[in-house]
Amino acid sequence: MSGKVLNFYAGGNTAKGFYSLYDSALEDLNRLFILKGGPGTGKSSLMKAVGEEIVSKGLDIEYLHCSSDNNSIDGVIIPEFQVGVVDGTAPHIIEPKAPGVIEEYVNLGVAWDSKKLATNKEEILQLNKTISQTYQKAYDTFATALKAHDDIEDIYISNMDFSEANKLTEELITDIYGEDTIEKQPKIKHRFLGAATPKGAVDFIQNLTEDIGKRYFIKGRAGSGKSTMLKKIAAAGEARGFDVEVYHCGFDPNSLDMVIVREKDFAIFDSTAPHEYFPDRDSDEIVDMYTRCIAGGTDEKFAKDIERTTKPYKDKMIEGVAYLAEAKALRDMLEAYYIKAMDFSKVEEIQEQIIEEINQIVGK
């Protein structure tokens with residue numbers, strides 16, 4: 001039987017720039033292979049090969065997806081054996097804790113022909129510069145979108161019953177945890193459930209919650225307290241000794257989109273656009289924060305203001321994604337230079353060496 005694959009992001013293109021949660025994703029590993037090499041040197045393909053090998057042995061893995069390329073991954077982790085392989089090139093630079101003991105750098109640059117690359121030096125330098133500038137345009141545009149989103153939030157915040165929101169949160173905490181506690185030091189994992197990508201917003205909510213018995217779908221408007229509720233539910237789980245998966249918002253990493261506590265078999269998540277889902281299991285439950293916590297008739301009363309602020313937010317989000325797509329196209333051009341200069345047979349040798357060492361660790 002094949003192992004299971006858990007998909008998420010450890011870094012994202014956000015309104016705060018590229019935001020990394022790699023330290024949290026990798027902190028428990030006892031063995032980590034950090035891949036170095038330019039674009040197009042086969043890092044993602046190597047990690048996918050490792051993942052496929054391990055899954056075929058019936059072991060579970062985690063894929064850390066790439067927010068800048070929908071077809072690539074940035075890492076693969078085998079949680080049971082605390083082993084991982086990760087792309088250690090910019091923008092996700094990995095700071096080693098014990099080089100040579102835990103972390104090992106793997107240089108895929110040994111497989112390229114430097115002389116071939118040198119013939120395209122000016123083109124490569126210019127592409128790198130333009131790519132960097134294009135990502136910055138995307139980040140600046142997302143930052144502008146966040147300001148517009150804040151304007152939408154202000155409307156609902158000014159019409160919110162905070163005491164009712166607190167009451168609802170306490171009800172959920174009691175319903176979820178009861179009097180249960182675990183006498184251990186909890187592990188808290190910080191991740192992204194989705195990301196802004198060159199193909200638009202992508203999320204892995206269904207994959208992340210497919211084995212969860214109880215799912216709470218939070219419905220509400222911007223500013224109706226969804227993230228604050230999630231932070232309190234996560235804190236309550238940690239205080240009781242449970243391991244907590246904390247999923248940050250891929251647009252605003254200071255906000256939360258989902259909390260999962262597998263030891264309690266529950267997930268609770270913001271189920272509004274761009275990751276809008278509806279219950280499809282008998283055990284699924286909707287938590288409607290608009291109905292419970294926002295003054296009745298707010299949508300209708302402030303319809304013109306909401307429309308006025310929503311349009312620039314949506315327009316800027318579309319523009320930001322367009323910049324990510326432009327950066328991806330430029331990066332494909334850059335990769336082409338490296339691909340032509342690569343001896344992929346050398347990369348395959350390195351891949352087999354890594355797989356062999358991991359197989360020795362997992363004992364299969």
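What follows is a list of stops, each with something to select and a note on what is there.

**Before you start**

This is a predicted model, in which local features need pLDDT of at least 70 and side-chain atom pairs count only at pLDDT 80 or more, while totals for chains, interfaces and linings use all residues. Residues are numbered from 1 along each chain as its sequence is written, and side-chain values use heavy atoms, with hydrogens and water left out.

**Stop 1: the whole chain**

Show the chain as a cartoon: there are eleven helices and 16 strands. Helices (H or I, at least four residues) and strands (E, at least two) are DSSP runs, numbered from the N terminus. Switch to the C-alpha trace, which spans about 70 × 50 × 35 Å along its principal axes. The radius of gyration is 22 Å, which agrees with the value near 21 Å that a compact globule of 364 residues would have; this radius is taken over C-alpha atoms, and the globule rule is 2.2 Å times the number of residues to the power 0.38.

Of the 364 residues, 53% count as buried. Buried means under 20% relative accessible area, exposed means over 50%, and partly exposed is in between (1.4 Å probe, protein chains only).

Colour by charge next. The chain has 43 positive and 62 negative side chains, and the centres of the two sets lie 4 Å apart. Lys and Arg count as positive and Asp and Glu as negative, with His and the chain ends not counted; each charge is placed at NZ of Lys, CZ of Arg, CG of Asp or CD of Glu.

A last figure for the whole chain concerns contacts (heavy atoms within 4.5 Å). Among those between residues at least 6 apart in sequence, 80% join residues at least 24 apart.

**Stop 2: G11**

Select G11, in strand β2 (residues 11-14). Is G11 buried or exposed? With a relative accessible area of 2%, G11 is buried. Leaving aside neighbours within four places in sequence, G11 is in contact with F18, Y19, S20, Y22, S67 and F192. Draw a C-alpha to C-alpha distance from G11 to F142: the two are 131 residues apart in sequence and 15 Å apart in space.

**Stop 3: the loop between β7 and β8**

Go to the loop between β7 (83-87) and β8 (103-107), where P91 is placed. The peptide bond from A90 to P91 is cis, with omega near 10°.

T89 is found in this loop too and counts as buried at 14% relative accessibility. The side chains of T89 and D87 are joined by a polar contact of 2.6 Å. A polar contact is a pair of N or O atoms within 3.5 Å; within protein, one must be able to donate a hydrogen and the other to accept it, and residues adjacent in sequence count only if both atoms are side-chain atoms. Beyond its neighbours within four places in sequence, T89 is in contact with L35, K36, G37 and K43.

P99 is also in the loop between β7 and β8, and at 54% relative accessibility P99 counts as exposed.

**Stop 4: backbone geometry elsewhere**

Most residues other than glycine have a negative phi, and most peptide bonds are trans. Select P274 in the loop between β15 (266-270) and β16 (285-288); the peptide bond from A273 to P274 is cis, with omega near 10°.

Then take D265, in the loop between β14 (256-261) and β15. D265 has a phi of about 60° and is partly exposed, at 35% relative accessibility.

**Stop 5**

Select N207 in helix α6 (residues 205-208). N207 is buried, with a relative accessible area of 17%, and touches V5, L6 and N7, not counting residues up to four places away in sequence.

Finish at K311 in helix α10 (residues 303-341). K311 counts as exposed at 53% relative accessibility. Which side chain does K311 join in a polar contact of 2.6 Å? The partner is D315. K311 and H149 are 162 residues apart in sequence, and their C-alpha atoms are 9.9 Å apart in space.
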